[in-house]
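The sequence and the structure come first.

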Amino acid sequence: MSTVVDGRALAAKLLNELQDQIGNLTAQGVVPTLRIVQVGDDPASTIYIRNKKRKGASLGIDVQVVKLPETVTQTALLHQIETLNVNPEVDAILVQMPLPVQIDAAAVVAAIDPAKDADGFTPANFGRLWSGDEGPVPATPAGVMAILQQYHVPLRGQHAVVIGRSRIVGRPMAAMLLQADATVTVAHSHTRNLAELTRTADIIVVAVGIPHFLTADMVKPGAAIIDVGINRTAEGKVTGDVDFAAVEPLAGVITPVPRGVGPMTVAELMIQTVALTKARVAHD
Ligand SMILES: Nc1nc(=O)c2c([nH]1)NC[C@@H]1CN(c3ccc(C(=O)N[C@@H](CCC(=O)O)C(=O)O)cc3)C=[N+]21
């Protein structure tokens with residue numbers, strides 16, 4: 001029988017612990033401030049941003065959205081980021097992905113001040129992550145690590161298979177698992193014999209954006225299954241990348257969608273924002 005992860009409960013626990021740090025900052029007259037730049041009106045992005053705003057408001061973190069039109073030019077977007085970089089009131093900046101086709105996302109991310117990089121996506125912070133040095137890290141993989149830790153999933157020497165190699169999830173996920181001494185395999189759309197690989201995995205992290213991608217025949221009984229997928233069905237329901245009904249009976253630990261990794265992503269973003277605020281206050 002598997003243990004189904006309660007991402008909401010774990011997120012609440014972590015944010016409870018964060019409350020004291022926020023209290024100390026506000027006692028010094030410092031309100032942690034996050035600015036989320038949203039380009040266009042992608043409905044999923046709007047939902048995630050709404051969740052981040054709500055969570056921030058409930059904690060006393062000032063989360064505001066800077067909304068730009070879908071047709072914004074790269075120059076205008078880079079200018080907007082620069083004004084946030086130099087604004088002493090702003091501790092953390094996040095540019096919501098995906099961005100419209102006319103924008104070079106890598107150039108936009110690289111323009112964010114690494115000391116305000118709430119996502120840990122900038123090259124400087126990506127480099128720190130892969131070198132095993134301290135620095136801001138992407139919220140979703142950080143949330144996965146918190147789940148694995150909380151549910152006592154052993155990592156050292158274990159075989160972890162990460163399916164997907166995005167900048168948001170797959171690549172930083174592989175770096176964090178490596179840092180935790182797991183043996184990491186990164187699979188992607190060109191990987192051959194994927195099921196053979198996943199059947200030897202003690203931990204499988206799926207982040208491909210395809211409903212029911214991971215099926216029961218791909219899973220070793222007792223493996224930890226982490227579903228990062230957030231697919232919307234025609235009826236607007238959210239489903240993951242795992243065939244949950246078929247895989248859950250086999251799994252050791254498994255995360256549901258929704259209420260698994262999603263709430264942890266939001267929680268880790270709040271934690272990151274407070275950490276960046278504390279770093280700024282320490283430097284001032
Ligand atoms: N620069 C950037 N940083 C991100 O961290 C980032 C991003 N862009 N683009 C998109 C992904 C996805 N993401 C989620 C956030 C919250 C939920 C979340 O709250 N999920 C709820 C369900 C929400 C719903 O109803 O759809 C749950 O799984 O329980 C999911 C996914 C952050 N992302």
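## Basis and domains

UniProt positions are given in the numbering used here, feature names are shortened, and annotations may be inferred rather than shown by experiment. In an unreviewed entry, UniProt lists residues 5–119 as "domain: Tetrahydrofolate dehydrogenase/cyclohydrolase catalytic". Residues are numbered from 1 along each chain as its sequence is written. The model is predicted: local features need pLDDT of at least 70, side-chain atom pairs count only at pLDDT 80 or more, and totals for chains, interfaces and linings use all residues, while side-chain values use heavy atoms, with hydrogens and water left out.

Helices (H or I, at least four residues) and strands (E, at least two) are DSSP runs, numbered from the N terminus. The span 5–119 is 50% helix and 16% strand, and its end C-alpha atoms lie 24 Å apart. Over residues 138–279 the chain is 35% helix and 17% strand, with 17 Å between the end C-alpha atoms.

## Annotated binding positions

Under "binding site", the unreviewed UniProt entry lists Gly164, Arg165, Ser166 and Ile230. Of this set, Ser166 and Ile230 belong to the lining of the largest pocket. A pocket is an open set of points on a 1 Å grid over the protein atoms alone, where a 1.4 Å probe fits, with protein on both sides within 12 Å along at least five of seven lines; lining residues have an atom within 4 Å of a point.

Arg165 sits in the loop between β5 (159–163) and α7 (170–179). Its relative accessible area is 35%, so Arg165 is partly exposed (buried means under 20%, exposed over 50%, partly exposed in between, with a 1.4 Å probe and protein chains only). Apart from neighbours within four places in sequence, Arg165 is in contact (heavy atoms within 4.5 Å) with Gly170, Arg171, Val186, His188 and His190.

Ile230 is placed in the loop between β8 (224–227) and β9 (231–232). Ile230 has a relative accessible area of 45% and is therefore partly exposed. With neighbours within four places in sequence set aside, its contacts are Tyr48, Val238 and Thr239.

## Ligand surroundings

The ligand is surrounded by 20 residues, the closest being Val95, Met97, Asp119, Arg232 and Arg259; a residue counts as near if one of its heavy atoms lies within 4 Å.

Polar contacts are pairs of N or O atoms within 3.5 Å. A nitrogen atom of the ligand lies 2.7 Å from a side-chain N or O atom of Asp119. For Met97, a polar backbone atom is 2.9 Å from a nitrogen atom of the ligand. A polar side-chain atom of Gln96 is 3.2 Å from a ligand nitrogen atom. The protein buries 87% of the 680 Å² that the ligand exposes when taken alone, with areas from the Shrake-Rupley method and a 1.4 Å probe.

Thr239 is part of strand β10 (residues 238–239). At 18% relative accessibility, Thr239 counts as buried. Beyond residues up to four places away in sequence, Thr239 touches Pro211, Gly229, Ile230, Asn231, Thr233 and Val257.

Ile103 lies in the loop between β4 (92–95) and α4 (105–110). Ile103 is buried because its relative accessible area is 8%. The C-alpha atoms of Ile103 and Pro88, 15 residues apart along the chain, are 26 Å apart.

Methods:
Polar contact = N/O pair within 3.5 Å; in protein donor to acceptor, adjacent residues only side chain to side chain.
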